[in-house]
Amino acid sequence: MHCPLVSIQTPTSSWLLTIFSLLFNSLVASGQILDSEEVVSDTAGLKIEYAAEIQVDVDRPIQFVVDIGASGEMKMIHPKHFFIINGNAGVSFVGAQQILNGGTAHARYRPLHSKRIHPEIFAQGQWDAARGMLSRGLAGANCRFSILQKSNVSLVGATGFFYEHERWNAANLEMENAVDKTHTNSLIKWNTYFRFVYRKSDSFMFKSTLFVQARPDALIRYPRLALLLGTTVNINDKFVLNIGWQLQYDFAPVIPIPNLYLQGNNSIGYTGATAIN
């Protein structure tokens with residue numbers, strides 16, 4: 001998210017404590033494919049940006065459900081280094097009785113991020129009971145490149161590979177012929193994304209991200225696709241409103257759930273920053 005941020009100076013011991021506290025509080029985990037890319041403004045020294053949000057989502061994994069949760073994010077920005085860690089956790093209300101939970105934790109590091117072409121390393125863990133995902137862990141690396149970079153418009157892309165370990169079970173899902181059997185996948189996957197950002201002003205941003213994830217073998221024709229659309233509106237210099245949609249299509253689900261997944265994301269959050277020179 002892009003907000004007017006207040007910068008303050010802090011002693012070394014104080015900002016180290018701040019980093020530790022934010023890392024700890026960010027390691028909470030609903031998540032599918034995470035949109036954790038961001039255009040990074042130039043900075044002369046180290047800057048820390050952070051955000052905390054309350055979110056209400058409407059999903060359709062099997063049937064329409066309502067999710068209520070909280071999320072946190074921290075970025076460490078330096079001329080030669082960029083690190084982001086974020087996470088969210090919440091509960092899903094299915095009908096009048098069933099309550100399920102889900103969450104995600106994600107970390108990403110980019111050395112030499114100001115270069116037009118640079119690497120990025122990432123790791124992610126998640127679970128989503130409303131879709132039958134018991135757990136999913138992955139780690140990998142991409143080559144990231146800037147296609148277009150202007151003051152108010154940017155387009156970036158990345159491609160690479162990651163190792164993924166998933167566990168799925170349909171036993172708790174309200175669907176016909178659900179079988180209480182855990183399915184496990186351990187795969188290497190090819191990963192590509194493109195992200196477009198348009199900023200009309202410091203108070204409004206639109207972003208769109210397309211993800212493609214597939215096995216780099218004969219089954220590459222059965223990818224997992226996701227399109228994320230979102231707007232960010234700065235209410236003031238501390239509070240921000242996010243409204244977005246995620247459309248995901250899995251050509252070969254691990255368990256017999258619908259191929260199409262739809263989620264509407266709405267959140268209001270608090271943001272801030274600390275500059276360390």
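How many nonpolar, polar and charged residues does the lining of the second largest pocket have? Figure 1 takes that up. A word on the model comes before it: this is a predicted model, where local features need pLDDT of at least 70, side-chain atom pairs count only at pLDDT 80 or more, and totals for chains, interfaces and linings use all residues. Residues are numbered from 1 along each chain as its sequence is written, and side-chain values use heavy atoms, with hydrogens and water left out.

**Figure 1. A look into the second largest pocket.** The volume here is about 240 Å³. A pocket is an open set of points on a 1 Å grid over the protein atoms alone, where a 1.4 Å probe fits, with protein on both sides within 12 Å along at least five of seven lines; lining residues have an atom within 4 Å of a point. Grid points are joined across faces, edges and corners, and the volume is the space filled by probe spheres set on them. Of the 14 lining residues, Asn-185, Leu-187, Arg-215, Tyr-222 and Ala-252 are the closest to the centre. As for the opening question, the lining has 7 nonpolar, 2 polar and 5 charged residues. (Nonpolar covers Ala, Val, Leu, Ile, Met, Phe, Trp, Tyr, Cys and Pro; charged covers Asp, Glu, Lys and Arg; the others, Gly among them, are polar.) β8 (183–201) and β9 (204–214) are the elements that give two or more residues to this lining, and β8 has the largest share, with 3 residues. Strands are DSSP runs of E, at least two residues long, numbered from the N terminus.

**Figure 2. Salt bridges that share partners.** A salt bridge puts a side-chain nitrogen of Lys or Arg within 4 Å of a carboxyl oxygen of Asp or Glu, and by this rule the count comes to 12. Take Glu-164 and Arg-136: their closest N and O atoms are 2.6 Å apart. Glu-164 sits in strand β7 (residues 153–168) and Arg-136 in strand β6 (residues 133–149), 28 residues apart. Glu-166 reaches Arg-224 at 3.1 Å between the closest N and O atoms. Since Glu-166 is in strand β7 and Arg-224 in strand β10 (residues 224–234), this pair ties together parts that are 58 residues apart in sequence. Both Glu-166 and Arg-224 are buried, meaning under 20% relative accessible area with a 1.4 Å probe and protein chains only. Arg-224 also forms a salt bridge with Asp-250, with 3.2 Å between the closest N and O atoms. Shared partners join Arg-136, Glu-164, Glu-166, Lys-189, Arg-224 and Asp-250 into one network.

**Figure 3. Strand β7 and its partners.** Strands pair if DSSP finds at least two bridges between them. β6 and β7 run antiparallel, joined by 15 bridges, and a hairpin links them through 3 residues. Here Phe-145 stands opposite Gly-157 in β7. β7 also pairs with β8 in the antiparallel sense, over 16 bridges, with Val-156 opposite Arg-195 in β8.

**Figure 4. Aromatic rings in pairs.** Rings of Phe, Tyr and Trp (its six-membered ring) pair if their centres lie within 6.5 Å; planes under 30 degrees apart count as stacked, over 60 as edge-to-face and the rest as tilted. The count is 5 aromatic pairs. Phe-122 and Phe-162 are edge-to-face, because their ring centres are 6.3 Å apart and their planes at 65°. Phe-122 lies in strand β5 (residues 117–128) and Phe-162 in strand β7, 40 residues apart. Phe-162 is buried, at 2% relative accessible area. Tyr-193 and Phe-211 form a tilted pair, 5.7 Å centre to centre with 45° between the planes.

Conventions: Helices (H or I, at least four residues) and strands (E, at least two) are DSSP runs, numbered from the N terminus. Buried means under 20% relative accessible area, exposed over 50%, partly exposed in between (1.4 Å probe, protein chains only).
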